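Biologist: I've got this model open and I'd like to go through it with you piece by piece. Shall we put it on screen?

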Amino acid sequence: MKSSTRSPGARNSVLAAALALAGLAAQPAAAEERAKDLFGAEKLPTAAAAQSFGFYSKGCFSGGVAIPMDGPTWQVMRPSRNRRWGHPALIALIERLSRDAVADGWPGLLIGDIAQPRGGPMLTGHASHQIGLDADIWLTPMPDRTMSRARRETMSATLMVDDKTHLVKDALWTPRHTALLKRAASYPQVERILVNPGIKKKLCDTVKGDRSWLRKIRPFWGHDYHFHMRIGCQPGSPNCKAQEATPDDDGCGKPLAWWFTQEPWRPNKNPDAPKARDLMTMANLPKECRAVLDAPGPASAEAATYHGDTVPIAVAPAPVPETPSLPAVTASSTAGLPSALNAFTATPEVGVPVPRPRPPAK
Ligand SMILES: [Zn+2]
């Protein structure tokens with residue numbers, strides 16, 4: 001082809017046609033940006049009704065709220081990561097768990113990563129935690145004093161599992177650990193709890209009486225100093241993709257035995273292969289995630305910090321958005337939202353606590 005005889009415009013259209021033929025139609029530049037860089041740079045959530053878009057490992061969310069750095073029964077760890085954001089239903093549940101756990105004899109929760117302000121893939125760690133419905137909670141009891149920010153960045157968590165045997169370190173495991181996991185699994189909203197296989201085995205071997213909750217406790221790599229609590233898609237999130245239900249049995253049989261073979265622990269044959277988060281562009285995420293990135297935020301992190309259903313948050317209202325692309329909001333999705341986050345909603349009474357419909361128990 002003598003391209004020199006063609007005008008630049010014609011050359012471009014020939015190039016576009018060639019790319020289209022090759023299945024590589026030119027994308028707008030923004031679509032090629034790595035989603036983790038864009039979402040990882042967000043400092044504040046969207047000032048919108050809470051809504052999850054996509055799947056736990058491929059999505060984003062609007063209307064996130066932060067759990068306060070300190071509560072009577074919890075402390076947030078690694079605050080510099082700015083991952084104390086979640087769907088208000090999750091934040092409310094973490095706070096509830098912290099109170100219930102203390103009543104059960106656990107000294108209080110150390111909160112690990114929840115999500116970035118607008119979710120999405122993270123710059124480091126975690127394949128999931130993208131739609132505001134996942135939270136990591138340390139298996140280390142909370143100290144009886146308020147830790148400094150510096151201490152929260154550096155304090156190590158207790159590793160509960162032996163690297164070689166993949167069994168729980170018996171000197172460390174207590175009935176209080178079991179009670180904490182049982183309590184977390186007791187909430188209908190919680191669909192699964194990820195723990196190290198050694199922890200699952202410990203529970204399988206020791207839990208007497210009601211064992212129905214073991215169904216929700218799922219073995220997975222890592223999760224040896226924290227557990228991961230996942231709640232289901234919440235009302236008002238029609239584009240949230242639910243995860244398959246866990247099997248009905250306690251999961252203590254064959255699937256658990258597999259974890260105590262060589263297979264799951266063989267070294268990764270291709271350790272340098274890029275991870276999903278390194279490849280994911282905006283084009284890979286649900287289309288609503290572009291609107292989530294572009295939507296205005298609240299005035300400050302404090303304005304979007306969750307203080308329970310009944311405590312109003314006094315902040316300047318967020319700018320009125322012109323983004324009709326964010327889907328319509330239902331009253332149930334705004335229940336319990338701080339008023340500052342309701343700029344997109346048509347229901348001014350949302351500061352009043354409304355009973356949240358519970359998903360059917362699975
Ligand atoms: Zn996690």
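**Inside the fold**

Biologist: Let's start with His-166: is it buried or exposed?
Modeller: The relative accessible area of His-166 comes to 15%. The cut-offs are under 20% for buried, over 50% for exposed and partly exposed in between, with a 1.4 Å probe and protein chains only. At 15%, His-166 is therefore buried.

Biologist: What kind of model is this?
Modeller: Residues are numbered from 1 along each chain as its sequence is written, and side-chain values use heavy atoms, with hydrogens and water left out. Local features need pLDDT of at least 70, side-chain atom pairs count only at pLDDT 80 or more, and totals for chains, interfaces and linings use all residues, since the model is predicted.

Biologist: Okay, back to His-166. Where is its place?
Modeller: Phi of His-166 is positive, near 60°, and His-166 isn't a glycine. Helices (H or I, at least four residues) and strands (E, at least two) are DSSP runs, numbered from the N terminus. In those terms, His-166 is in the loop between α5 (149-154) and α6.

Biologist: What is the relative accessibility of Arg-78?
Modeller: Arg-78 is in the loop between β5 and β6 (85-86). Its phi is positive too, about 50°, although Arg-78 is not a glycine. Arg-78 counts as buried because its relative accessibility is 18%.

Biologist: Now the metal. Which residues coordinate the zinc ion?
Modeller: Donors are N, O and S atoms within 2.8 Å of the metal (3.2 Å for Na, K and Ca), and water is not among the atoms, so sites may look incomplete. The donor residues are spaced H-x6-D-x91-H in sequence. Both His-129 and Asp-136 are buried. At 2.0 to 2.2 Å, the coordinating atoms are NE2 of His-129, OD of Asp-136 and ND1 of His-228.

Biologist: Which residue stands opposite His-228 in β11?
Modeller: Two strands pair if DSSP finds at least two bridges between them. β9 (residues 190-195) and β11 (residues 226-231) run antiparallel and are joined by four bridges. Six of the six residues in β9 are buried. Opposite His-228 stands Leu-194.

Biologist: What handedness does the β-α-β unit of β9, α7 and β10 have?
Modeller: With the strands pointing away from the viewer, a right-handed crossover is one where the path from the first strand over the helix to the second runs clockwise. The helix in this unit is α7 (residues 197-206). The unit is right-handed.

Biologist: How many of the 10 residues of α7 are buried?
Modeller: Among the buried ones are Pro-197, Ile-199, Lys-202 and Leu-203. Contact means heavy atoms within 4.5 Å, and the buried residues of α7 pack against α6, β9, β10 and α8 (254-258). α7 is largely enclosed by the rest of the structure because its buried residues number seven.

Biologist: What is the relative accessible area of Trp-173?
Modeller: Trp-173 sits in the loop between α5 and α6. Leaving out residues up to four places away in sequence, Trp-173 touches several others, including Ile-199, Lys-202 and Leu-203. Trp-173 is buried, with a relative accessible area of 11%.

Biologist: How far does α4 reach from its first C-alpha to its last?
Modeller: The expected span of a helix is 1.5 Å times one less than its number of residues. α4 has 17 residues, and its reach is close to the expected 24 Å. From first C-alpha to last, α4 reaches 24 Å.
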